[in-house]
Amino acid sequence: MAGAPGTRRLALIRPPHLSYAKVVSMSLVKRAVLLVSGERYLVLSITLCQTALVSRLLTPQEVGLSMLGVALVQVIDGLRDFGTTNYIIHEPATSRRSARTAFTVLLALSLVFAVALFASAGLWARLYGQPLLESYLRVLAASFLLVPFSGPLMALMRRDFQFAALMWVNVGTCLTYAVVLTGLALLGFGAMSFAWATVASAAATVALSLAGRPEPGVYRPCLQGWRTALAIGGFSSVTTLLNRAYDLLPIFLLGRFGGPDLVGLFGRAQVVSQLPDKMILGSLGAVILPMFAADRRDGRALAPTYLASIGNISVVLWPVALLLALIAQPVVLVLLGAQWLASVPIVQVLALASMLTFPAMLTYPVLLASGGLRDTLTASLIGLPPSAAIIAASASHGPLAVAATQFVTVPLQVGIALHFIRRRVPFSLADLAGALRISALVTVATALPPLAVIAISGRGFALTIPEGVVAGFGGAGAWLVAMLVLDHPVAGHVRETIRPVVVGLRARVVR
């Protein structure tokens with residue numbers, strides 16, 4: 001018997017093995033990725049402009065002091081959040097009640113940690129021998145009191161795939177931070193510019209969140225379901241605290257033994273080397289947890305989504321990270337200025353090491369969705385102590401030595417994470433290798449043009465800015481050609497992106 005007209009039309013636009021729910025889910029995810037990617041590129045553009053200006057207005061010591069203060073706050077912030085935003089996304093019950101419970105827990109914890117940070121600011125300043133750090137931390141403590149009023153609303157937007165509204169919140173927040181930071185740096189506020197810009201951006205986030213999701217009702221205190229929130233938040237926050245403290249360990253050690261100037265060099269090198277992560281992984285990060293959560297709620301297998309995500313991440317991350325390592329000097333000259341040239345070797349090492357982190361951002365979402373929340377903490381407890389010991393042993397040798405430790409610590413942690421993931425989401429190492437095969441070929445193709453420019457220049461990696469531009473565009477062109485020739489799934493998205501441009505150009509030619 002012939003199906004209904006709507007059913008026949010649906011069969012024409014989707015493969016027969018996909019359900020209607022899966023098609024709708026894929027459509028939502030694709031739209032979300034496009035929106036978040038647009039947001040990330042806007043935020044990245046603003047951030048790069050701000051970084052270029054501020055790096056020329058402030059000294060490495062001033063930037064290093066600010067990064068030391070932010071590092072201390074970020075560790076505390078991991079406990080303050082207590083996994084409440086992830087609880088809202090994960091909880092299958094009504095989202096309004098979940099948001100109210102999350103707000104109540106988040107507000108109480110924020111008050112406690114704001115008071116603790118304000119009171120302990122002097123101790124931290126004396127420990128690092130930086131008197132200005134006391135005022136810096138006390139200003140940052142004020143931002144803790146604002147976060148509870150935006151966090152639950154933004155989590156609701158993520159849960160419901162309202163990434164258009166979320167885009168404007170994040171872009172507005174970034175723009176506020178950049179304008180305030182640059183303005184105060186021009187006025188001579190020095191390192192304190194970062195602290196006041198953080199408070200201003202937190203206030204902007206609250207206002208924009210309410211504009212994008214006007215639900216002040218979530219601010220009504222509620223403790224219904226608090227046990228679930230604490231169960232998820234407990235493991236989540238401890239895991240987050242451990243990983244965040246580990247990520248910031250080089251800042252703490254270099255600040256303690258080397259001074260703010262070395263912190264500044266290492267920190268700015270991290271900013272540059274993390275550009276691939278911010279351009280690619282940041283776009284997917286906001287979508288991946290809701291995507292895995294939707295698969296879990298609909299009873300779908302997680303392994304295909306996980307392996308597809310691995311392939312999509314690595315085919316962009318690997319080529320961009322390698323390209324960045326090859327043209328690090330002209331990138332540093334453009335973004336930071338000549339006073340930061342000492343950071344070039346650090347950028348190169350960190351960029352190459354970042355290629356090994358391709359599965360990292362998927363670990364928490366896939367384990368949470370597969371019921372392995374405890375495994376995230378176990379994996380951290382196994383992998384982080386030896387990694388921290390390796391970093392601590394290298395700190396006295398300077399920031400380059402600290403960066404080089406990632407070639408040992410990252411593979412160790414990735415291997416442990418994959419062990420736990422494969423227990424929950426079975427797949428073979430051959431499946432993983434298959435997901436990465438095209439990524440490796442595309443990476444090799446991307447490297448050929450910049451390597452040719454380096455060989456012709458005769459100065460090794462010390463490229464000029466024009467040479468860096470040629471190498472960069474050559475690598476980008478080779479990446480695009482390789483993607484299309486090898487027909488990687490991401491190539492389909494590339495075609496859809498450039499098709500309107502091609503059609504428009506043809507129309508103009510015809511006219």
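**Ground rules**

I am working with a predicted model, in which local features need pLDDT of at least 70 and side-chain atom pairs count only at pLDDT 80 or more, while totals for chains, interfaces and linings use all residues. Residues are numbered from 1 along each chain as its sequence is written, and side-chain values use heavy atoms, with hydrogens and water left out.

**The whole protein**

I counted 22 helices and zero strands in the protein, where helices (H or I, at least four residues) and strands (E, at least two) are DSSP runs numbered from the N terminus. Of the 511 residues, 53% count as buried; buried means under 20% relative accessible area, exposed means over 50%, and partly exposed lies in between, with a 1.4 Å probe and protein chains only. Among contacts (heavy atoms within 4.5 Å) with a separation of 6 or more, 82% come from residues 24 or more positions apart.

**Helix H20**

I then turned to H20, residues 429-457, whose 29 residues reach 41 Å from first C-alpha to last, close to the 42 Å expected at 1.5 Å a residue. Just after H20, Gly 458 takes a positive phi of about 75°.

**Two helix pairs**

How do H6 and H9 run, roughly parallel or roughly antiparallel to each other? The axes of H6 (residues 132-144) and H9 (residues 192-212) come within 8 Å and cross at roughly 5°, so the two helices are roughly parallel. Axes here are lines fitted to C-alpha atoms, for helices over the stretch in contact, and angles run from 0 to 180 degrees between N-to-C directions. Angles under 35 degrees count as roughly parallel, over 145 as roughly antiparallel, 65 to 115 as roughly perpendicular and the rest as oblique.

For H17 (residues 373-394) and H19 (residues 406-424), the axes come within 9 Å and cross at roughly 165°, and these helices are therefore roughly antiparallel. The residues that make this contact include Asp 375, Thr 378 and Ile 382 of H17, and Val 408, Leu 412 and Phe 420 of H19.

Ser 380 belongs to H17 and is buried, with a relative accessible area of 7%. Leaving aside neighbours within four places in sequence, I found Ser 380 in contact with Thr 239, Leu 242, Asn 243 and Pro 385.

Leu 248 sits in helix H10, residues 226-257, and is buried at a relative accessible area of 12%. I compared Leu 248 with Met 67, and the two are 181 residues apart in sequence but 9.7 Å apart in space, C-alpha to C-alpha. Not counting residues up to four places away in sequence, Leu 248 touches Ala 71, Gln 74 and Val 75.

Ser 150, in the loop between H6 and helix H7, is also buried, with a relative accessible area of 5%. With residues up to four places away in sequence again not counted, Ser 150 touches Thr 205, Val 206 and Ser 209.

How values were computed
The expected span of a helix is 1.5 Å times one less than its number of residues.
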